[in-house]
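Let's take a walk through a protein model together. Keep the sequence and the 3D view open as you read.

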Amino acid sequence: MRITELLTKDTIILQLKSQSKADVIEELVSKLDEAGKLNDKAGFKEAILAREAQSTTGIGEGIAIPHGKSAAVKIPAIAFGRSEEGLDYEALDGQPSHLFFMIAASEGANQTHLETLSRLSSFLMDSTFRSSIENAKTEEEIMTIIDAKEKEELGEEEQESPAAEQAQDASGSKGKVLAITACPTGIAHTFMAADKLKQTAAEMNVPIKVQTNGAGGIKNRLTDEDIKEATAIIVAADVNVDLSPFEGKHVLQVPVGRALKIPKELIEKALAQDAPVHHNSGRSSEAAAEGGQKEQRSGFYKHIMNGVSNMLPFVVGGGILIALSILFGELFPDSRFAEMLNEIGSNQAFFLIVPVLAGFISSSIADKPGFAPGAIGGLIAVTYGHGDAASSGFLGGLIAGFLAGYVTLGIKKALSGLPAVLEGLKTILFFPVLSIFITGMIMLLINPTLTQVYVALSDFLEGLGGTNLVLVGLVLGAMMAIDMGGPINKAAYTFGIAMLDAGNLEFMAAVMAGGMVPPLGLALATSLFRNKFTKQERETGKTAYVLGAFFISEGVIPFAAADPLRVIPATAIGAAVAGGLSAFFEIGLNAPHGGIISASLVDGNPLLYFLSIIIGAFVTAIIVGLLKKDLRKV
């Protein structure tokens with residue numbers, strides 16, 4: 001498939017009207033929607049914003065490539081927009097962006113589509129190509145430039161000579177460098193980073209081979225022979241990469257954006273072996289990640305988030321099925337269908353929450369060998385308790401996860417001196433048997449005590465009333481709004497799930513109320529104070545109504561990114577009010593997600609719950625309206 005089959009004249013904007021990052025996203029999404037490429041405009045925009053929340057797609061050198069892979073995409077497509085003046089897109093080099101390619105990949109995008117989208121990302125690394133695009137006068141001229149470049153590149157790929165391969169694979173005097181690139185969506189940054197490293201290495205006359213872990217699978221896979229010859233390995237990735245093949249090699253771990261920004265510095269460090277030696281101790285790497293990413297790749301928070309993120313599908317799916325079972329049970333008493341929904345949600349999905357949490361915490365610490373003992377430890381936490389109480393819940397799951405992870409690490413270290421002939425037995429025999437045995441025995445011994453502690457804590461929280469409960473509701477609500485889906489938000493949400501699992505429903509209600517308020521509050525502000533928002537922001541506000549209604553806090557990100565000093569305090573205060581009122585009215589919630597769908601099934605007065613959320617949203621809207629300036633007077 002050719003790029004010009006995905007980028008067509010009806011998805012090109014020669015002169016963008018946008019003045020901000022949020023405006024560009026809205027304008028390009030609208031262009032794709034008008035061209036009939038999307039099933040759900042709001043859904044695709046949500047995917048784009050979620051990707052931007054991970055890291056900016058403004059890669060520098062005047063280019064931005066916002067991209068998303070979503071079921072909201074009807075037909076894979078590319079939208080192009082150009083801004084002669086340039087605008088601030090939070091680019092990695094801090095410079096204005098002029099060229100914007102928005103990539104829309106469908107959930108079921110095939111290999112051909114993904115390779116085509118990746119090819120465009122590679123072309124943009126060519127300064128001559130970029131210059132031609134910048135100077136094109138018509139849509140047809142842009143299409144011609146891209147078509148010519150594609151024919152040239154595809155011809156070169158077909159005629160690539162053995163000599164070129166030898167130049168890449170030969171271990172020259174400067175040493176051979178290997179690299180792996182990977183980004184969350186595996187479409188744009190993965191391949192652009194790979195091309196930047198290859199181009200820079202060619203300029204430095206350094207042999208390099210780059211493996212890309214893209215959406216279409218692994219390309220140019222590093223072989224055992226490659227690794228044996230390598231001076232060092234650069235891992236430029238924003239997702240987990242298996243480092244086990246690099247035992248004893250210098251591994252430099254950085255975010256994928258650093259390969260675009262400082263490729264020469266990375267290659268020089270690799271040649272100088274200025275990176276820690278990797279040992280398969282269970283950690284992904286001991287390397288200090290560049291750009292402030294170390295905290296994301298290692299440590300307590302990273303391990304818990306790995307468990308929580310893998311646990312969430314069980315929580316959300318099971319929770320909403322439980323809520324639906326309650327609804328059907330009320331509408332149709334003695335309904336077999338309601339019983340089946342509850343069985344799937346409560347007795348199956350929810351039963352697996354703690355074992356899954358523990359298993360993925362442990363595997364974050366000790367890689368794959370840690371999963372089995374972690375899951376077994378989590379299972380013991382929910383089945384082997386004290387007296388009538390059989391579960392230590394999330395407390396036991398957290399302890400089981402960390403226990404299993406570090407037990408497995410210890411076993412790996414203890415067996416590292418075994419003869420090479422026994423190497424193959426480690427992962428299939430020694431690791432699982434010993435780690436499950438030790439973790440299981442310790443959990444059987446300590447879980448009755450953990451159960452007593454967990455029950456006492458749950459009873460204490462359940463006994464909170466009046467001012468104490470309202471105070472907790474205020475804090476949880478504010479936490480849900482401060483960083484819009486970030487670590488503080490996730491901490492509050494995880495606490496709500498833990499208390500829901502323990503049967504304390506009021507905390508989940510406060511959490512959901514606090515999470516719904518930020519987008520709803522900004523949406524209201526765009527309606528009540530129209531003169532304080534641009535046309536594009538008012539359009540974004542319409543989407544925020546929908547996102548807020550379905551408990552998607554990230555719907556406020558475009559507003560917060562554009563004006564954080566006014567928006568974040570306003571959303572935190574409004575969300576705190578909603579959480580506090582929910583607790584004051586003693587509202588409970590059985591489901592951990594769903595927004596307006598689940599809110600109608602609360603334990604308590606649904607009208608008072610909706611009132612709490614509405615009041616919180618109005619508080620946010622009014623504060624924003626008071627703080628923001630009237631655009632007519634600016």
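## After helix α15

Start at D367, the residue that follows α15 and has a positive phi, near 65°. Helices here are DSSP runs of H or I with at least four residues, strands are E runs of at least two, and both are numbered from the N terminus. Before going on, note that this is a predicted model: local features need pLDDT of at least 70, side-chain atom pairs count only at pLDDT 80 or more, and totals for chains, interfaces and linings use all residues. Residues are numbered from 1 along each chain as its sequence is written, and side-chain values use heavy atoms, with hydrogens and water left out.

How far apart should the ends of α15 be? Helix α15 covers residues 353-366, and its 14 residues should span 20 Å at 1.5 Å a residue, which agrees with the 20 Å between its end C-alpha atoms. (The expected span is 1.5 Å times one less than the number of residues.) This helix is mostly covered, with 13 of its 14 residues buried. Buried means under 20% relative accessible area, exposed means over 50%, and partly exposed is in between, using a 1.4 Å probe and protein chains only.

## Helix α24 and what follows

Next comes α24, residues 564-584: its 21 residues reach 29 Å from first C-alpha to last, close to the 30 Å expected at 1.5 Å a residue. Its buried residues include V567, A570, G574 and A583. After α24 you meet E586, with a positive phi near 55°.

## Rings that meet

The structure holds 8 aromatic pairs. Rings of Phe, Tyr and Trp (its six-membered ring) pair if their centres lie within 6.5 Å; planes under 30 degrees apart are stacked, over 60 edge-to-face, and the rest tilted. F533 and F559 make an edge-to-face pair, 6.3 Å centre to centre with 85° between the planes. This pair links distant parts of the chain, 26 residues apart: F533 sits in the loop between α21 and α22, and F559 in helix α23. Both F533 and F559 are buried.

F584 and F585 also pair edge-to-face, at 5.5 Å centre to centre and 65° between the planes. Is F584 buried or exposed? F584 counts as exposed because its relative accessibility is 56%, while F585 is partly exposed at 24%. Elsewhere, ring pairs link F328, F332 and F337 into a cluster.

In soluble globular proteins, nonpolar side chains tend to be buried together. The largest nonpolar core here has 73 residues, and those with the most contacts inside it are M311, F394, Y493, I497 and Y609. The largest share of this core, 13 residues, comes from α21. A nonpolar core is a set of buried Ala, Val, Leu, Ile, Met, Phe, Trp, Tyr and Cys residues joined through side-chain atoms within 4.5 Å.

Leaving aside neighbours within four places in sequence, F394 is in contact with residues including M311, I353, L357 and D501. Contact means heavy atoms within 4.5 Å.

## The whole chain

Zoom out, and the protein chain has 26 helices and 11 strands. Of its 634 residues, 53% count as buried. Residues 24 or more positions apart account for 73% of the contacts with a separation of 6 or more.
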